[in-house]
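Hi,

Here is the structure I promised to pass on. Have a look at it first, and then read my notes below.

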Amino acid sequence: MSAFLDLPPLGAADFAAIEDKVAALLHTGADVIVTQGEALLPLEAAIRGAAHPGSTALNIVTGPYGQTFGGWLRSCGAEVVDLAVPFHGAVSAQQVAGALEAHPEIDFVSLVHAEAATGNTNPVAEIAAVVREHGALLMLDAVASVAAEPLLTDEWGVDLCVIGGQKAMGGPAGVSAVSVSGRAWERIAANPAAPRRSYLSLLDWKERWTDAGRTVLPHAPAQLEMLALGACLDRIAADGLPAVIARHRAASAATRAGVRALGTLSPFVPDDAHAAPVATTLRTPDGVDATALAARLDPALPLQPGGGALAASMLRVNHYGAAASLETVLACLTALAAATGAAAAPALAAAGEAWTAAV
């Protein structure tokens, strides 16, 4: 235990080096700020920095986080146009273009890349192109997608890109990051309602840290979490980001193939093209309570019931980070077969074949 306590202080140069590694992971030359808290911190900070009375936001809702963003945007005094689609699919660039055409005053768009809670993912590259053509600022929640699928922040034109380390990166939950484009900084600086002298203030970080040369930390860093973030970034670099992404895609393909072979459960997101590589959500049969079913499973497995209204009808297989492995997928399928009275062998064979084809 003392090895975690008696550590040399984490200096400004160490902190800055970790920010640079995050920037490389996001494929961005924009400023990156590593925030000392779970990813909801920079997500709320980004919205409260950019949204204000008189602004109009398009809030794309493909899961529970989109619902949360809408509440924050409204509390900032912004007019909010919600573009909600069923949670078992993705939003299309055409739908976004239609919303922007119907509301030309929109100047801010909030979007979740992958919804781990519902198992869907959205086509960010295509959506971002439409948003940029319209001239609006784009904020992307990439917490569940970073390291699980491509994330080309600058190439796509994402202005505010928020990530966390606890999912596909296989790192800590208590530290997160946001990249901020020049356009986003201009908007935040021009917003009189943007937080200042606040834990939610991105401008404070910019002035006291980024613009000051990153030589003196504005407060004591969360040392253990920062070291863990640096370690997981180094591990991704050593493995190679394409290989990490491939493992997550393979885990998704293997889980979906295995579940279909079971025959007792079905993918909540039916279209493979809309399925997130970080987690696979499953519908339970009529009359089978997902929460009760999950309670009978080995708690060491990355299986849990859905949240909120989906708790009774959805199971989630969290195949991210260290769990993005064939061994984990096979263990989950074996447990689900036993719990639902299905034959395991066909599911395991289908999963193995899908894994091999995907990697």
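This is a predicted model: local features need pLDDT of at least 70, side-chain atom pairs count only at pLDDT 80 or more; totals for chains, interfaces and linings use all residues.

**Salt bridges**

The structure holds 15 salt bridges, counting a side-chain nitrogen of Lys or Arg within 4 Å of a carboxyl oxygen of Asp or Glu. Residues are numbered from 1 along each chain as its sequence is written, and side-chain values use heavy atoms, with hydrogens and water left out.

One of the salt bridges joins arginine 187 to aspartate 107, with the closest N and O atoms 3.2 Å apart. That pair links distant parts of the chain, 80 residues apart: arginine 187 sits in helix α8 (residues 182-189), aspartate 107 in the loop between α5 (93-102) and β4 (108-112). Helices (H or I, at least four residues) and strands (E, at least two) are DSSP runs, numbered from the N terminus. Arginine 187 counts as buried at 16% relative accessibility, while aspartate 107 is partly exposed at 24%. For those words, buried means under 20% relative accessible area, exposed over 50%, and partly exposed in between (1.4 Å probe, protein chains only).

Aspartate 159 and arginine 183 meet through their side chains in a salt bridge of 2.9 Å, N to O. This pair also links distant parts of the chain, 24 residues apart, with aspartate 159 in the loop between α7 (153-156) and β8 (160-164) and arginine 183 in α8. Aspartate 159 is buried, at 1% relative accessible area, and arginine 183 is partly exposed at 30%.

Then there is a network of salt bridges linking Arg196, Arg197, Asp204 and Glu207. Within this group, aspartate 204 bonds to arginine 197 with the closest N and O atoms 3.0 Å apart. Aspartate 204 is buried at 8% relative accessibility, whereas arginine 197 is exposed at 65%.

**Cysteines**

How many disulfides does a search of the whole structure find? The count is 0, taking a disulfide as a pair of cysteine sulfur atoms within 2.5 Å. As a reminder, a disulfide is a covalent bond between the sulfur atoms of two cysteines.

Cysteine 232 is among the buried residues of helix α10, along with Gln223, Met226, Leu229, Gly230, Leu233 and Ile236. This helix (residues 223-239) has 17 residues, and its end C-alpha atoms are 24 Å apart, in agreement with the 24 Å it should span at 1.5 Å a residue. The expected span is 1.5 Å times one less than the number of residues. Elements covering the buried residues of α10 include α2 (12-26), β1 (31-35) and α11; contact here means heavy atoms within 4.5 Å. After α10 comes glycine 240, with a positive phi near 95 degrees.

Helix α13 (residues 326-340) has 15 residues and reaches 21 Å from its first C-alpha to its last, close to the 21 Å expected. Its buried residues are Thr328, Val329, Cys332, Leu333, Ala335, Leu336 and Ala337. They pack against α11 (241-262), β11 (280-283), β12 (303-305), β13 (314-317) and α14 (344-358). Glycine 341 follows α13, and its phi is positive, near 75 degrees.

**Strands**

Strands β2 (residues 56-61) and β3 (residues 79-84) pair in the parallel sense over 6 bridges; pairing requires that DSSP finds at least two bridges between the strands. Alanine 57 has valine 80 in β3 as its bridge partner.

Finally, leucine 111 is found in strand β4 and is buried, with a relative accessible area of 0%. Leaving out residues up to four places away in sequence, leucine 111 touches Ile60, Val91, Asn122, Val124, Ile127, Leu138, Met139, Leu140 and Asp141.

Cheers
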